Amino acid sequence: MRQNFIVPALLILIMMVLPASCKKETLSDLSKESIIPKPVSVASTGDYFVLKHKCKIFVYGESDEMKQIGQYLAQKLKSLTGYEAEIKTASGEPWSGNIFLELSDVNEELGDEGYELTITKQLVKLTAVKPAGLYRGVQTIRQILTSDADTASKKNKIWKIATGTITDYPVYAYRGAMLDVSRHFFGVDDVKKVIDYLAFYKMNVLHLGLSNDQGWRIEIKSWPNLALHGGSTQVGGGKGGYYTQDQYADIVKYAQENYITIVPEIDMPGHTNAALASYPELNCDGKTPELYTGTEVGFSTLCTNKEITYKFIDDVIRELAAMTPGPYIHIGGDESHATKIEDYIPFVNRVQDIVAKHGKQVIGWDEIALSTLKPGSVAQYWADVANAKRAVSQGAKLLMSPAVKAYLDMQYDSTTPLGLHWAAYVEVDSAYIWDPLTLVEGLRKENIIGIEAALWTETLTNLDEIEYMVFPRLPGHAEIGWTPTAMREWDEYKLRLADHARHFKAMDINYYKSKKVPWAE
Ligand code: NGO
């Protein structure tokens, strides 16, 4: 009698346990990986590759750049798995157990940053037209491996990668973030951390706000007092700081190694109190104002009618252009309420010529569209639709940073302890649900170079606070810039984002645990 009862009970138990254990083993569907930005195409083949400790990274070709990407992958594999993958130069056909990196122009649709990742039971192969594409593809490998990483049981872990092919490339060429280092100053190490975060999400631009009313943050050798005096404080009256040209070069180099372009901004003619306080001759009345540590905007202006102002700008842009391998210099141009419009327009026109003379293209906030935009100048849309339309009607391109969606300093809701809310409260879903083409009517894809999420730092004083405002919104902005809008959907995205809690944990990122996301932790 008793035995009759035990057998069916055991059967029921086995049936209950079976689906769960089977599920655990189903690590063989590549399309189920939580990759952000979502790849353009994923074809799964239903098996898996096992990464073993003796796995090597084979690089086709002898170039230093290829070897560096191999080393970068090796370093990431080491920190994820503990394995020390040797880097070798490949010759002939790939063979079992290893990872292969190759440049090839067979698939031209990949463009400058696209990649193809093929995983078979035997090997992993990453191909791209350009090294930048390989670098972006390495981020996909990192995300797949980390999403499988359980640090507690890392030691005995079997590292599997589901088989299939990912073919992936971005919609927009410019996918960036802005960090305002002028309201509060952030040192080189903090900036490098931000670069790491951008790289992980395949973003390719870091725009640094290097000057504002509250601080001048870059050494200019021909006008040394800008940094020495203008950089000596910040919002709230702290000691501020600035980058020496050597430190700045270090940031630029680190960004380059991560295939990220630095866009430096010197805001003018408004937002210039720190410069005005450093040199009396830049003021119309010839007197220096006090340094400013509050958070008002729109009260300062360079004296647009003095020749010395243009000598100053020429020197600053010349030194900055020499430190900038990327194509753009950002000239600000926003909220110049203290500059008369009849002075503002010729000023912006002249500054565009100065930037062009030093071999660079201008980006400016959308107000610059009030002037005559030169070929190649880009207007960064942040608030004024009429300005955005003015820019497009002049044939200029837009960079999309709508404050209501892409300002990372906007509070998530009314309880957020940091940030501002003058534009909107921007919850993680709201930051994700928008299309760069529809906020300004009549835009076509060719009118836009891309998107940029902007972090202003009036209320932010350290990296922890930066992280709290940046995460979890930044991955969404990265996806908006990379993945076609038709492929994006919040209800599906939020599950992938939830899974990224593991990456945030692994990278020790302080993030806002929005209730809108079913976090994996
Ligand atoms: C505005 C203003 C900045 C502020 C920011 C705060 C622009 C382009 N100018 O955006 O000076 O810091 O809002 O959200």
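Mentor: Start with a definition: Ala, Val, Leu, Ile, Met, Phe, Trp, Tyr, Cys and Pro count as nonpolar, Asp, Glu, Lys and Arg as charged, and the others, Gly among them, as polar. Keep in mind that this is a predicted model.

Trainee: OK. By class, which residues make up the shell around the ligand?

Mentor: Seven nonpolar, one polar and five charged residues form that shell.

Trainee: And which of the 13 residues around the ligand come nearest?

Mentor: Asp334, Tyr407, Asp409, Trp422 and Glu458 do.

Trainee: How far is a polar side-chain atom of glutamate 458 from an oxygen atom of the ligand?

Mentor: The distance for glutamate 458 is 2.6 Å. The side chain of tyrosine 407 has an N or O atom 2.8 Å from a ligand oxygen. For arginine 183, a side-chain N or O atom is also 2.8 Å from an oxygen of the ligand.

Trainee: How much of the ligand's accessible area does the protein cover?

Mentor: On its own the ligand has 340 Å² of accessible area, and the protein covers 98% of that.

Trainee: Tyrosine 407 again: which proline is in contact with Tyr407?

Mentor: Proline 402. Apart from neighbours within four places in sequence, proline 402 also touches Tyr381, Trp382, Trp434 and Leu439.

Trainee: Where is proline 402 found?

Mentor: Proline 402 sits in the loop between strand S16 (397–400) and helix H11 (403–406). Leucine 439 is 37 residues away along the chain, yet the two C-alpha atoms are separated by 8.2 Å.

Trainee: Is proline 402 buried or exposed?

Mentor: Buried, because its relative accessible area is 1% and the cut-off for buried is under 20%.

Trainee: New topic. Which strand holds methionine 178?

Mentor: Strand S8, residues 174–180. Methionine 178 counts as buried because its relative accessibility is 2%. Leaving aside neighbours within four places in sequence, its contacts are His207, Gly209, Glu452, Ala453, Ala454, Leu455 and Trp456.

Trainee: Why is strand S14 described as largely enclosed?

Mentor: Because four of the five residues in S14 (residues 361–365) are buried.

Trainee: What does S14 pair with?

Mentor: S14 pairs with strand S13 (residues 328–332), in the parallel sense, over three bridges.

Trainee: Last one: how many residues of helix H14 are buried?

Mentor: In H14 (residues 473–482), 10 of its 10 residues are buried. Among them are Arg473, His477, Glu479 and Trp482.

Conventions: Residues numbered from 1 in each chain as written. Predicted model: local features only at pLDDT ≥ 70, side-chain atom pairs only at ≥ 80, totals over all residues. Heavy atoms only, no water. Near = heavy atom within 4 Å. Polar contact = N/O pair within 3.5 Å; in protein donor to acceptor, adjacent residues only side chain to side chain. Areas by Shrake-Rupley, 256 points an atom, 1.4 Å probe, with all protein chains shown as cover. Buried < 20%, exposed > 50% of the residue type's maximum accessible area, 1.4 Å probe, protein only. Helix = DSSP H or I, 4+ residues; strand = E, 2+ residues; numbered from the N terminus. Contact = heavy atoms within 4.5 Å. Pairing = 2+ DSSP bridges.
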